[in-house]
Amino acid sequence: MSSPETVYFPTVSTIQYEGPETDNPFAFRYYQPDHRVAGRTLHEHFKFACAYWHAFGNDGSDPFGRGPRPMKWLRAADPVERARDKMDAAFEFMAKLGLRHFCFHDFDLVDEGVSLSESEQRLQLITDYALEKMNETGIGVLWGTANLFSHPRYMNGAATNPDFGVVSWAGAQVKNALDATIKLGGENYVFWGGREGYMSLLNTDMRREQDHLARFLQSARDYARENGFTGTFFIEPKPCEPSKHQYDYDAATVVGFLRHYDLADDFKLNIEVNHATLAGHTFQHELQVAADAGMLGSIDANRGDEQNGWDTDQFPNNLYELTQAMLVILRAGGLQGGGVNFDAKLRRNSTDAEDLFHAHIGGMDMFARALIAADRVRRESGIEELRRERYESFDAGAGNDFAQGNLSLSELHKRAHDSGEPAMTSGKQELYENLVNRFV
Ligand code: XUL
Ligand code: CO
């Protein structure tokens with residue numbers, strides 16, 4: 001690949017691996033795409049992706065003021081020209097950073113038009129342009145999605161809207177987003193239902209809304225499959241924000257929903273760190289629930305704030321949290337089809353063009369470091385054996401009969417009488433914590 005054209009990020013050239021001791025802030029300390037850990041390259045483990053909306057669409061505005069971030073790629077008056085400039089900036093950034101994937105919503109690529117037809121025309125033009133850039137660079141789409149939450153028409157929900165007219169619009173938008181994803185060779189397709197929930201249960205028929213959501217997902221799946229999409233659909237759980245309550249509350253809720261509505265063959269989960277903590281769980285808990293269901297598909301990487309109770313979407317930098325997450329992922333045999341999408345935004349006061357590089361370099365290095373640590377924990381600490389031994393009373397004899405479903409409650413009762421009070425066995429939590437910390 002020739003070196004990327006420099007227009008929007010003049011102070012930064014291609015980012016290289018220089019090792020842990022480098023002083024260069026524009027270098028990787030841990031992330032080497034071809035370095036092998038646990039039988040796969042770091043690139044294969046992660047498939048890092050740029051989140052188009054945060055990286056190139058977010059100017060830092062918040063409910064208290066307009067955005068201070070100067071985004072030179074958003075200056076053209078014409079929406080399609082502006083979308084092309086944005087795409088140039090995105091590809092310059094990704095090529096310099098060595099990111100090989102991106103994720104998008106339909107209207108991150110280009111602004112929504114005033115009519116459905118105008119939006120469709122714009123999507124055609126910008127996906128043509130995207131294909132050119134993708135062919136030039138080899139960068140691909142990790143997943144596409146439709147923004148079914150920003151437009152006022154979705155104020156009462158999209159697929160779960162009580163008005164069928166709005167549900168139809170949501171359907172049209174998902175069809176177009178699927179067409180765009182398929183055209184760009186997208187590996188997966190995501191549903192995040194920010195407005196699929198309620199603001200008040202008083203005016204909500206939850207049962208009907210959930211039935212509609214399932215019908216909607218089934219029809220999207222059928223359309224995509226008929227049109228050649230072979231990738232995985234992901235649901236991204238989040239408990240609330242913007243709705244008071246969202247139906248895709250957490251991983252366990254979504255697993256139950258997918259099984260109940262017969263969607264489990266086509267859908268898996270996209271687990272986001274800060275959504276897990278909003279649901280009152282740890283990131284690793286959500287990963288484990290998804291993994292145990294055979295549905296650990298993909299990750300939206302970010303972190304929350306320990307004190308603030310909202311979705312702050314900060315770049316990941318908590319090595320201890322990530323190492324525990326990597327333990328879960330390694331044990332699960334990796335992500336199924338997905339990758340690591342940086343669904344994270346710069347802080348409002350990070351206004352230099354190069355700050356986007358610092359943010360992603362830090363995130364990629366943290367993931368790499370956590371994976372290397374977790375692999376060592378697994379191989380060198382003895383933690384896997386300890387955990388296995390904790391359950392060994394189920395490996396043979398009556399314990400095994402019980403686990404296989406071959407021991408009745410009366411037999412448990414009899415055994416308890418026969419063997420008397422069981423000996424106490426320590427859970428040894430502090431030892432486990434030390435075993436992980438040794439390698440962090
Ligand atoms: C919102 C969120 C979304 C999804 C895609 O919290 O995470 O950006 O990832 O719609
Ligand atoms: Co997300």
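1. Asp-300 contacts ligand 1 in this predicted model: a polar side-chain atom of Asp-300 lies 2.9 Å from an oxygen atom of the ligand. The protein covers 93% of the 290 Å² of accessible area that ligand 1 has on its own.

2. Two further side chains make polar contacts with oxygen atoms of ligand 1. For His-275 the distance from a polar side-chain atom is 2.9 Å, and for Lys-238 it is 3.0 Å.

3. Helix 6 covers residues 164-183, 20 residues in total. From first C-alpha to last, helix 6 reaches 28 Å, close to the 28 Å expected at 1.5 Å a residue. Among the buried residues of helix 6 are Val-166, Val-167, Ala-170, Val-174 and Leu-178; Gln-173, Asn-176 and Thr-181 are buried too.

4. Both ends of helix 6 deserve a look. At the start, a side-chain oxygen of Asp-163 comes within 2.7 Å of the backbone nitrogen of Gly-165. Just after the helix, Gly-185 has a positive phi of about 65°.

5. On the surface, Tyr-391, Phe-394, Phe-402, Leu-409 and Leu-412 form a nonpolar patch. Together these residues have about 510 Å² of accessible area. Leu-412 is part of helix 15, which runs over residues 409-419.

Definitions and conventions:
Residues are numbered from 1 along each chain as its sequence is written. Chains are lettered from A and ligands numbered from 1 in the order in which they are written. This is a predicted model: local features need pLDDT of at least 70, side-chain atom pairs count only at pLDDT 80 or more; totals for chains, interfaces and linings use all residues. Side-chain values use heavy atoms; hydrogens and water are left out. Patches are made of residues with over 30% relative accessible area and no salt bridge: like charges are joined within 9 Å, nonpolar side chains (Val, Leu, Ile, Met, Phe, Trp, Tyr) within 5 Å. Accessible areas come from the Shrake-Rupley method with a 1.4 Å probe; for residues, only the protein chains shown count as cover. A salt bridge is a side-chain nitrogen of Lys or Arg within 4 Å of a carboxyl oxygen of Asp or Glu. Helices (H or I, at least four residues) and strands (E, at least two) are DSSP runs, numbered from the N terminus. A polar contact is a pair of N or O atoms within 3.5 Å; within protein, one must be able to donate a hydrogen and the other to accept it, and residues adjacent in sequence count only if both atoms are side-chain atoms. The expected span of a helix is 1.5 Å times one less than its number of residues. Buried means under 20% relative accessible area, exposed over 50%, partly exposed in between (1.4 Å probe, protein chains only).
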